[in-house]
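Welcome, and please open the model in your viewer.

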Amino acid sequence: MRARYTAYVQGDVDYVVATHDPNRTEDVDRSSTETWAKQSTWLGLQILKTEEGTENDEAGVVEFVARYKLKGVTVDHRERAEFKKIKGKWFFMDGKEIVPPPARKLTPDVGRNDPCPCGSGKKYKKCCGRAA
């Protein structure tokens, strides 16, 4: 997993393709992968959890967060990736992105006739809630 992350950081798409499931290398869009990898500013890899994947295993799972910045936006990409050892070499087989639950608003909306939250003592509609 760390080697594949390093390959993305260095823009080494040959390594990414070479360590992808040999039966599905056509699934890798080499051009867009290379463009994305090189345009991103890579901020770090955090391994959250592993299941098997030692040198004595034939398969393993890695849950990770890869942080990068692209076009000014910082992304925390969290994924559960499956790997399989074929002839002594590890290959990425499949990955499922782990999406956090949607953000919930913790405070209720201010009603038009409620006191303004700015503390003016006026109704919201006559203070900060006025249409411009």
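**Stops on the charge tour**

Select Glu34 to begin: with a relative accessible area of 27%, Glu34 is partly exposed (buried means under 20%, exposed over 50%, partly exposed in between, with a 1.4 Å probe and protein chains only). Before going on, note that this is a predicted model, where local features need pLDDT of at least 70, side-chain atom pairs count only at pLDDT 80 or more, and totals for chains, interfaces and linings use all residues. Residues are numbered from 1 along each chain as its sequence is written, and side-chain values use heavy atoms, without hydrogens and water.

Arg30 is partly exposed at 35%.

Next, select Arg78 and Glu63, a salt bridge with its closest N and O atoms 2.5 Å apart. Arg78 sits in strand 3 (residues 73–86) and Glu63 in strand 2 (residues 59–70), so the pair ties together parts 15 residues apart in sequence. Helices (H or I, at least four residues) and strands (E, at least two) are DSSP runs, numbered from the N terminus. Is Glu63 buried or exposed? At 11% relative accessibility, Glu63 is buried, while Arg78 is partly exposed at 34%.

Lastly, select Asp14, Arg30, Glu34 and Lys38 together: salt bridges with shared partners join them into one network.

Note on methods. Salt bridge = Lys/Arg side-chain N within 4 Å of Asp/Glu carboxyl O.
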